[in-house]
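Take a look at the chain below. Keep the sequence and the 3D view side by side while you read.

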Amino acid sequence: MAHTSREVRLKSRPVGTPKAENFEVASVTLADPGPGEVLVKNLWMSVDPYMRGRMYDRESYVPPFQIGEALQGGAVGQVVASGDPAFKAGDLVESMFGWREAFVGPAGALQKLPASNAPPQAYLGVLGMPGMTAYTGLLNIGDPKPGETVFVSGGAGAVGSIVAQIAKIKGCTVVASVGSDDKAKWLKGVGVDEVVNYKTCGDLLAAVRAAAPKGIDVYFDNVGGEHLEVALEVARPGARFAECGMISQYNDTEPKPGPRNLIYVVGKSLKIQGFIVSNYWSQRAQFLTDMTQWIAEGKIKWEETVENGIENAPKAFLNLFSGANTGKMLVKLS
Ligand SMILES: NC(=O)c1ccc[n+]([C@@H]2O[C@H](COP(=O)([O-])OP(=O)(O)OC[C@H]3O[C@@H](n4cnc5c(N)ncnc54)[C@H](OP(=O)(O)O)[C@@H]3O)[C@@H](O)[C@H]2O)c1
C-alpha cells in the first residue's frame, strides 16, 4: 500500500539570514517497508541552530544539505509498519529523519525511546540532544564547583536553560543573558540568580559586571561575538569557557574578527574549549540517569515553543534567529 508524506526541502542556499523562500514543501509517496526497513509517522520534529551550518556548501562535522533534497534533523515518531523484528507497530522511535511527516528508513537508524513518564518530545529537548549538550559541555569543560559563578548566554534556550539549572544543582551562582524580559522572568522563576536582557541593557559589559561583581569562573557560550568578549573581560583567573555555539555569527556573510581581547587567555590562564555533543556520546546513559532523577526531583524544568504542521517548520527554524522561542523549538505534526 502506498503512503503519502510531505517533506521540507532546501530550495536554495541562504545568503545571510535564511528566508522562507529558501525552503519548499513537497509531497512524496512511500512504499511499504521492505525487509530491515520501518515505516514511521513522525509526531514531533526538532529545528536547531546547527542546521544553519548545513545550509552552507562546505565541509564540516556533518555533511551539507543538498538543494532539492529533504532536510534532516531529529524527530520522534511512531512505527506504522515494520519489516524488521526489532520494531513493531506502535513503538515510539527517535531518528534523524525529521523535516518530513513520514518515512521509510533502515531499522538500524532508529532508536526506541526509553520507557519513561516524560512526553515523547522531551527526547528532542531536555532528555535529548540539547539536554545532553548542556550536561556534557558544562560538566566536562566548564567543570563548575560549588560557590563558583557560571555565566551562560542564550540562557533561556533549549541548551542554555538546562545549563543554568544544572549549574544551580552544582551549587553555583548563575548569571544568564537573554533577549527578552519574559525569558528573564522565567529563568528567575527556575532559580537563576541574575539575568541580563542583552537587547535592552545598553552596555552589556557593565550589565554582566554588575550581575557578577566578583567575575565569572565558567562561561558557557551559545552566542559568540560581543558576549564572548564580555566573558573574556569578566573572567577570573583560571576560568573555563565551554564553546558550544556562536549563533550571533551563523548568518554572517564574511567571518568577523575574533574577540578583540583574546589576549586575556594568557594572562588569566583561561581554558577555552569547543565541543560537539557527539564527542561525549559515551556519557549518554549517565546523562539520562542524572537528568531523569533531577526532573523527578523538580530540579530541572523546561519550556517548549511549538509550531504546528510540516508547512510551518521553516518558520520555526527562522524564528530561532529572532529569539521567538523560549526553551526548545519544536514542530508538532498532526
Ligand atoms: N556544540 C554542540 O554540540 C551543540 C549542540 C546543540 C546546540 N548547540 C549550539 O547551542 C546554541 C543554543 O542552541 P539551542 O538549540 O539551545 O537554541 P536556542 O537557544 O533554543 O535558540 C536560539 C536562541 O539564540 C538566541 N539568539 C538568536 N540570535 C542571537 C543573536 N544574534 N545574539 C544573541 N542571541 C541570539 C535567541 O534567544 P534570545 O531571545 O535570548 O536572543 C534564540 O532563542 C546554539 O549556538 C547552537 O548552535 C551546540
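This is a predicted model: local features need pLDDT of at least 70, side-chain atom pairs count only at pLDDT 80 or more; totals for chains, interfaces and linings use all residues.

Begin with the overall division. The chain splits into domain 1 (3-125 + 303-332) and domain 2 (129-279). Taken over C-alpha atoms, the centres of domain 1 and domain 2 are separated by 29 Å. The two domains touch: 16 residues from domain 1 and 17 residues from domain 2 take part in the contact. Look at the side of domain 1 that touches domain 2. Nine of its residues are polar, four are nonpolar and three are charged.

Next come the helices. Start with helix 1 (residues 129-142) and helix 2 (residues 160-169). Their axes come within 8 Å and cross at roughly 45°. An angle between 35 and 65 degrees is neither roughly parallel nor roughly perpendicular, and helix 1 and helix 2 are therefore oblique to each other. Helix 1 passes helix 2 in a right-handed crossing. Which residues meet there, in helix 1 and in helix 2? Helix 1 brings Pro130, Gly131, Ala134, Tyr135 and Leu138. Helix 2 answers with Ile162, Val163, Ile166 and Ala167. The contact of helix 1 with helix 2 counts eight nonpolar residues, one polar and no charged.

Helix 1 has another partner. Helix 7 (residues 284-296) packs against helix 1 at an angle of about 100°, and their axes are 10 Å apart. Helix 1 and helix 7 are therefore roughly perpendicular to each other. On the helix 1 side, the contact is made by Gly131, Met132, Tyr135 and Thr136. On the helix 7 side, Arg284, Phe287 and Met291 make it. Four residues of the contact of helix 1 with helix 7 are nonpolar, two are polar and one is charged. Find Gly131 and Tyr135 in the view. They meet helix 2, and they also belong to the contact with helix 7.

Finish with helix 4 (residues 204-211) and helix 5 (residues 226-234). They pack at an angle of about 45°, with axes 10 Å apart. Helix 4 and helix 5 are therefore oblique to each other. Their crossing is right-handed. Leu204, Leu205, Val208 and Arg209 in helix 4 face the partner residues Glu226, Val230, Glu233 and Val234 in helix 5, and these two groups meet. How many nonpolar, polar and charged residues are in the contact of helix 4 with helix 5? There are five nonpolar, no polar and three charged residues.

Methods: Residues are numbered from 1 along each chain as its sequence is written. Axes are lines fitted to C-alpha atoms, for helices over the stretch in contact, and angles run from 0 to 180 degrees between N-to-C directions. Helices (H or I, at least four residues) and strands (E, at least two) are DSSP runs, numbered from the N terminus. Angles under 35 degrees count as roughly parallel, over 145 as roughly antiparallel, 65 to 115 as roughly perpendicular and the rest as oblique. A crossing is left-handed if the near helix is turned anticlockwise from the far one by less than a right angle, and right-handed if clockwise. Two residues are in contact if their C-beta atoms, placed from the backbone, lie within 7 Å. Ala, Val, Leu, Ile, Met, Phe, Trp, Tyr, Cys and Pro count as nonpolar, Asp, Glu, Lys and Arg as charged, and the others, Gly among them, as polar. Domain bounds come from an automatic or database domain assignment.
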